[in-house]
Amino acid sequence: MKFANRYAEIKINDMAKVFQAIEKIDGVLNLSIGEPDFNTEPDIIDAGAEAAKKGFTHYPPLQGFPDFREALCSYWQRHHGLKASPDEVIIAVGGIQVPHLALQALLNPGDEVILIEPYFTPYADQVEMSGGVPVRVATSEENGFSPTASELERVITPRTRGIFVNSPNNPSGRVMPRVQMEEIAELVIKHDMFLLSDEIYEALVYKGKHVPFATLPGVRDRVLTMGGMSKSHCMTGWRLGYGIGPVDLVRRMTAISASQTYGVNAPAQKASTYALNTQDAKLAERRKIFAERMEYVTKRLNAMKGVSCASPEGAFYLFPNVKGTGLGSEDFVWKLLEKAKVAVLPGNAFGKSGEGHIRIACTQSLEVLKRAMDKMEEFLK
Ligand code: PLP
């Protein structure tokens, strides 16, 4: 069989390599997975099942059910002060489909899109799949993995069309300070760019409050806010994501989706509508649980020789620096898996700036995290 030239180089990414290795080893303490360990709440499942029984088993509206889009607008206004109307919302197959649709609507061949390292790995592939060129900007731990305006401005060319920002961040767990957001907003306006703001971890901010990029002055018509039900409502398997942005962009994304997915699972949309309208107390409860876990793991890591870890800010990730152990990211990860049966991800799987770090997902119970930290401590001795 002959395959397309454009995917000649395609291979499994570094994250997936670890996931595949774990499958072959018994008894692994798995801190590599970026999904909540909590199951979807039973009443949300019931709402989905009820909807299916009531006949929501047909093709849904392309852009998403109006009541779901209403519920999203109400959720974002209630929690984060972002005012939007349902015609500015598009429902997608997981948060991951949102940038796919947006980039296809926005990019011409050769257009450049800035990615801030370390970044969620699929962004780079998605830019390339849409004919664009990813331009990576290195960051450092000292700056909280946020770039300065001059670091960003240095890579802007006449071909630059847009930038991805992800706060709270996967993998670093950092929340971008408002001053840096404002600097980026100014650049976006000055250079006539779009901004894809991945805010899928909006419900998991431990210090202060989440600030949607779209609420900063002057950028609203350039920002697509990307989110989803996976992390906030523990609904990864339902594959429900969404974008909130300018109507022109949303309309084009909707038209493109007609040839891709033709709408999103109807009962899952109904379950999500129920979830958005009823689960605020649960969000706060889980945020507290994640915060406790992250505080615990941070304390344990900082007591280990050669390891240092910043205090938790957002998402459920810690991104400790392991340079003092003398091991590179990948060496650390593979040796830890082999010797201690603890799985984490190498920081450089998220771009070169992640080298010397590992990503720990606090998506296990305190009891499992304790055992994993005991084993890591033992491994480092
Ligand atoms: N964006 C970020 C930063 C993520 O970490 C993830 C999942 O890990 C996604 C988007 C996609 O999530 P989903 O497609 O499950 O909504």
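1. Contact means heavy atoms within 4.5 Å. By that rule, Glu41 touches Gln279, Lys282 and Arg286, leaving aside residues up to four places away in sequence. Glu41 sits in the loop between strand 1 (29–30) and helix 2 (42–53). Helices (H or I, at least four residues) and strands (E, at least two) are DSSP runs, numbered from the N terminus. Glu41 counts as buried because its relative accessibility is 17%; buried means under 20% relative accessible area, with a 1.4 Å probe and protein chains only.

2. A word on the source. This is a predicted model, where local features need pLDDT of at least 70, side-chain atom pairs count only at pLDDT 80 or more, and totals for chains, interfaces and linings use all residues. Residues are numbered from 1 along each chain as its sequence is written, and side-chain values use heavy atoms, without hydrogens and water.

3. Now the cis peptide bonds. One runs from Glu117 to Pro118, with omega near -10°. Pro118 lies in the loop between strand 3 (112–116) and helix 5. Another runs from Ser167 to Pro168, with omega near -5°. Pro168 is in the loop between strand 5 (160–166) and helix 7 (178–190).

4. Next, positive phi. Phe145 is not a glycine, yet its phi is about 60°. Its loop joins strand 4 (133–137) and helix 6 (149–155). Phe145 is buried, at 7% relative accessibility.

5. Cys234 is not a glycine either, and its phi is positive, about 55°. Cys234 belongs to the loop between helix 8 (229–232) and strand 8 (240–244). With a relative accessible area of 4%, Cys234 is buried.

Conventions:
Buried < 20%, exposed > 50% of the residue type's maximum accessible area, 1.4 Å probe, protein only.
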